[in-house]
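I will look things up one at a time and write down what I find.

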Amino acid sequence: MKRIILPLCVLGLLISCNNANKKAAEDIALIEQYVEAVENLDHELMDSYLAEDYWGYGPSRNDSINKEGAVISWTKNVEELYKKIDYTSSRSMAVSIADGENQGDWVSNWAELEITFKEGDRQVKIWSNTVYKIENGKIARSYTFYNEADALEQLGYIFFDPSKL
């Protein structure tokens, strides 16, 4: 009997690991498809990857947007602001959190973005990290982090301490 239990435990562990690896690969593939939609400025396809109850946060502390707002924002940005977005370097990693407030399946995407604006062909290069929560094959939540001041400086904005005036 002991000879049967150990192989069954090992088999169960292997199957469990294989299922987790398969889920992680599927989640990463979803994010790669979403990134491709962003690069192609395809806001309709981007919409299809977001869950109906999607919420996005960042890059600023008080930035938050639901799915409807995100689609409206991307539509406006594609029509008026962005000429091109390139993920010149992009890496993703999947993680599953077993319990707590952030329980679930997540994908973190680190990328160097090169953004070209329609007005004047101005460009910025930024490092960005977006962490996506995946539920039922859709993006349910995202947190985006990048240095907005760096992007604005590249566009020519000047920062100063107004108390020194």
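**Entry 1**

Which residue in β2 does G56 stand opposite? I looked it up: the residue opposite G56 is I65. I note at once that this is a predicted model. β1 and strand β2 (residues 64-66) are antiparallel partners, with three bridges. Their hairpin has six residues between the strands. In it, G58 takes a positive phi near 100°.

β1 has another partner. It runs parallel to β6, and four bridges join the two. I checked Y57 and found Y143 in β6 as its bridge partner.

**Entry 1: the overall plan**

I stepped back to count elements. The chain has four helices and six strands. Along the sequence I read the pattern α-α-β-β-α-β-β-β-β-α. The chain has 165 residues, and 30% of them count as buried. The chain exposes about 11,200 Å². Carbon and sulfur atoms supply 53% of that area.

Next I followed the later strands. Strand β4 (residues 104-117) pairs with strand β5 (residues 123-135). The sense is antiparallel, and I find twelve bridges. Five residues sit between β4 and β5 in their hairpin. G120 is in that turn, with a positive phi of about 75°.

β5 also pairs with strand β6 (residues 138-146), again in the antiparallel sense, over eight bridges. This hairpin has two residues between the strands. Here N136 takes a positive phi near 55°.

I picked S128 to trace across. In β5, S128 is the bridge partner of A111. In β6, the bridge partner of S128 is Y146.

**Entry 2: the core**

How many residues does the largest nonpolar core have? I wrote down 29. Among those with the most contacts inside it are I31, Y34, I85 and I134. Several elements supply at least two residues each, including α2 (43-49), α3 (67-80) and β3 (82-97). α1 gives the most, with seven residues.

I then zoomed in on I134. I set aside its neighbours within four places in sequence. I134 is then in contact with K23, D27, L30, I31, D105, V107 and I139.

**Entry 3: I28**

Is I28 buried or exposed? Its relative accessible area is 19%, and the limit for buried is under 20%, so I28 is buried. I28 is placed in helix α1. Beyond its neighbours within four places in sequence, I28 is in contact with S92, M93, A94 and V107. I28 and S92 are 64 residues apart along the chain. Yet their C-alpha atoms are separated by 6.5 Å.

**Entry 4: salt bridges**

Side chains of opposite charge can pair when their charged atoms come close. I counted eight salt bridges in the structure.

I took D105 and K23 to start. They form a salt bridge, with the closest N and O atoms 3.5 Å apart. D105 lies in strand β4 and K23 in helix α1, so the pair ties together parts 82 residues apart in sequence. D105 is partly exposed at 22% relative accessible area. K23 is partly exposed too, at 28%.

Next came E52 and K67, whose side chains meet in a salt bridge (2.8 Å, N to O). E52 lies in strand β1 and K67 in helix α3, so this pair ties together parts 15 residues apart in sequence. I checked the accessibility of both ends. E52 is exposed, with a relative accessible area of 68%. K67 is buried, with 9%.

K84 forms a salt bridge with D86, and their closest N and O atoms are 3.5 Å apart. K84 is partly exposed at 41%. D86 is partly exposed at 23%. I also found a network: salt bridges that share partners join K23, D27 and D105.

**Entry 5: a surface patch**

Which residues form a nonpolar patch on the surface? I found L152, Y157 and F159. Together they have about 310 Å² of accessible area. Y157 lies in the segment after α4 (148-154). Why does Y157 count as exposed? Its relative accessibility is 51%, and exposed means over 50%.

Key: Residues numbered from 1 in each chain as written. Predicted model: local features only at pLDDT ≥ 70, side-chain atom pairs only at ≥ 80, totals over all residues. Heavy atoms only, no water. Pairing = 2+ DSSP bridges. Core = buried A, V, L, I, M, F, W, Y, C linked by side-chain atoms within 4.5 Å. Buried < 20%, exposed > 50% of the residue type's maximum accessible area, 1.4 Å probe, protein only. Contact = heavy atoms within 4.5 Å. Patch = residues over 30% accessible without salt bridge, like charges linked within 9 Å, V, L, I, M, F, W, Y side chains within 5 Å. Areas by Shrake-Rupley, 256 points an atom, 1.4 Å probe, with all protein chains shown as cover. Salt bridge = Lys/Arg side-chain N within 4 Å of Asp/Glu carboxyl O.
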